[in-house]
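Thanks for coming. I will go through one structure, starting with its charged pairs and ending at a patch on its surface.

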Amino acid sequence: MPLGSLMQGGPHPDTPGVTIASPRTYELFGAVFFAGRRDRAFTRLAGLSGAGRGDRVLDVGCGTGYLTRRMAAQVGPDGAVTGVDPSPPVLAHARGRKRRPGSAPCTYREGIAEALDLPDASFDTVVTSLMLHHLPEGLRLPALREMRRVLRPGGRLLVAEFRPPNSHLGRLLVHGGTAHAMAHNRVDVLDGLVADAGLEVSGHGDVRPWLYYVQARRAEE
Ligand SMILES: C[S@@+](CC[C@H](N)C(=O)[O-])C[C@H]1O[C@@H](n2cnc3c(N)ncnc32)[C@H](O)[C@@H]1O
């Protein structure tokens, strides 16, 4: 059994998405997998989101809140950051983390990406990291459409996903350590999926060691 499967939960009543049940194992896995570069990678993602001081931010599939907290630092004390995830244990872990000085408050709530219980146009910036591959393929576009719906016109989206390595050794390591959906993640279709959700793709690239990102905007109306 791949190590990554050890932290997954059983079937969830609200979503067929694969949830994380053990936040401590997830944090350990993240630390080992990013080999000391996790903080730098996710701080870079927060910058790439384009979120400004005072923004209202949503982090979809926030897990333990690793990116959520970095978004809170990015938008500063006048901003507000909401994290949504279906898994109560990861939300409890996120809520237990201290607010950093100079950061926005973070609020965490249970919810699912494919049917966000949040009002239209209520966020300036939406981010999501390593979540889409936890959904069955058929729910990825509905989830991105929901992210568009809750963004205000002119608001920004940042999607970050795991990019499986090209090298033979890298592939062996990833296959041994992660679940199938991660090892076979198709980041080459991500830009098209974001565009199909009605967003304007404005950029994309890699954040080493493992991430591919897409930047997009909801058009002004
Ligand atoms: C690999 S973790 C990523 C967590 C966090 N974004 C990060 O970068 O560390 C994937 C997360 O997606 C969540 N998830 C699974 N199904 C979901 C759904 N339908 N809607 C939102 N999140 C979901 C899981 O519970 C888990 O916390």
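A salt bridge, as I use the term, is a side-chain nitrogen of Lys or Arg within 4 Å of a carboxyl oxygen of Asp or Glu. This is a predicted model, so local features need pLDDT of at least 70 and side-chain atom pairs count only at pLDDT 80 or more, while totals for chains, interfaces and linings use all residues. Residues are numbered from 1 along each chain as its sequence is written, and side-chain values use heavy atoms, with hydrogens and water left out.

Two more conventions. Helices (H or I, at least four residues) and strands (E, at least two) are DSSP runs, numbered from the N terminus. Buried means under 20% relative accessible area, exposed means over 50%, and partly exposed is in between, with a 1.4 Å probe and protein chains only.

Salt bridges, then. How many does the structure hold? There are eleven salt bridges. Three residues, Arg56, Asp124 and Arg152, are linked in a network. The side chains of Asp124 and Arg56 meet at 3.0 Å, N to O. Asp124 lies in strand β4 and Arg56 in strand β1, so this pair ties together parts that are 68 residues apart in sequence. The side chains of Asp124 and Arg152 meet at 2.7 Å, again N to O. Arg152 is in strand β5, residues 151–162, so its pairing with Asp124 in β4 ties together parts 28 residues apart in sequence.

Another salt bridge joins the side chains of Arg70 and Asp39, at 2.9 Å, N to O. Arg70 is in helix α3 and Asp39 in helix α2, 31 residues apart, and the pair links distant parts of the chain. Is Arg70 buried or exposed? Arg70 counts as buried, because its relative accessibility is 8%. Asp39 is partly exposed, with a relative accessible area of 40%.

That brings me to α3, which spans residues 66–75 and is mostly covered, with eight of its ten residues buried. Among those buried residues are Tyr66, Leu67, Arg70 and Met71. What do the buried residues of α3 pack against? They pack against the helices α1 (23–34) and α2 (38–48), and against the strands β1 (56–60), β2, β3 (106–110) and β4 (123–129). After α3 comes Gly76, with a positive phi near 75 degrees.

Some backbone geometry to check on your screens. Ala35 has a positive phi near 45 degrees, and this residue is not a glycine. Ala35 sits in the loop between α1 and α2 and is exposed, with a relative accessible area of 55%. Leu130 also has a positive phi in a residue other than glycine, near 60 degrees. Leu130 is in the loop between β4 and α5 (137–150), and is buried at 14% relative accessible area. There is also a cis peptide bond between Arg208 and Pro209, with omega about 10 degrees. Pro209 lies in the loop between β6 (200–207) and β7 (211–217).

Next, Ser87. Where is Ser87 placed? Ser87 is in the loop between β2 (80–85) and α4 (88–95). Ser87 is buried, at 3% relative accessible area. Not counting residues up to four places away in sequence, Ser87 touches Thr19, Ile20 and Ala21; contact here means heavy atoms within 4.5 Å. The side chain of Ser87 reaches the backbone oxygen of Ile20 at 2.5 Å.

From Ser87 to Leu172 is 85 residues in sequence and 29 Å in space, C-alpha to C-alpha. Leu172 belongs to a nonpolar surface patch with Leu169 and Leu173, and together they have about 340 Å² of accessible area. Accessible areas come from the Shrake-Rupley method with a 1.4 Å probe, and for residues only the protein chains shown count as cover. Patches are made of residues with over 30% relative accessible area and no salt bridge, where like charges are joined within 9 Å and nonpolar side chains (Val, Leu, Ile, Met, Phe, Trp, Tyr) within 5 Å. Leu169 is in helix α6, residues 168–177, and counts as exposed at 59% relative accessibility.

Last, the record. The unreviewed UniProt entry annotates residues 57–155 as "domain: Methyltransferase". UniProt positions are given in the numbering used here, feature names are shortened, and annotations may be inferred rather than shown by experiment. Over residues 57–155 the chain is 32% helix and 27% strand, with the end C-alpha atoms 10 Å apart.

Methods:
Polar contact = N/O pair within 3.5 Å; in protein donor to acceptor, adjacent residues only side chain to side chain.
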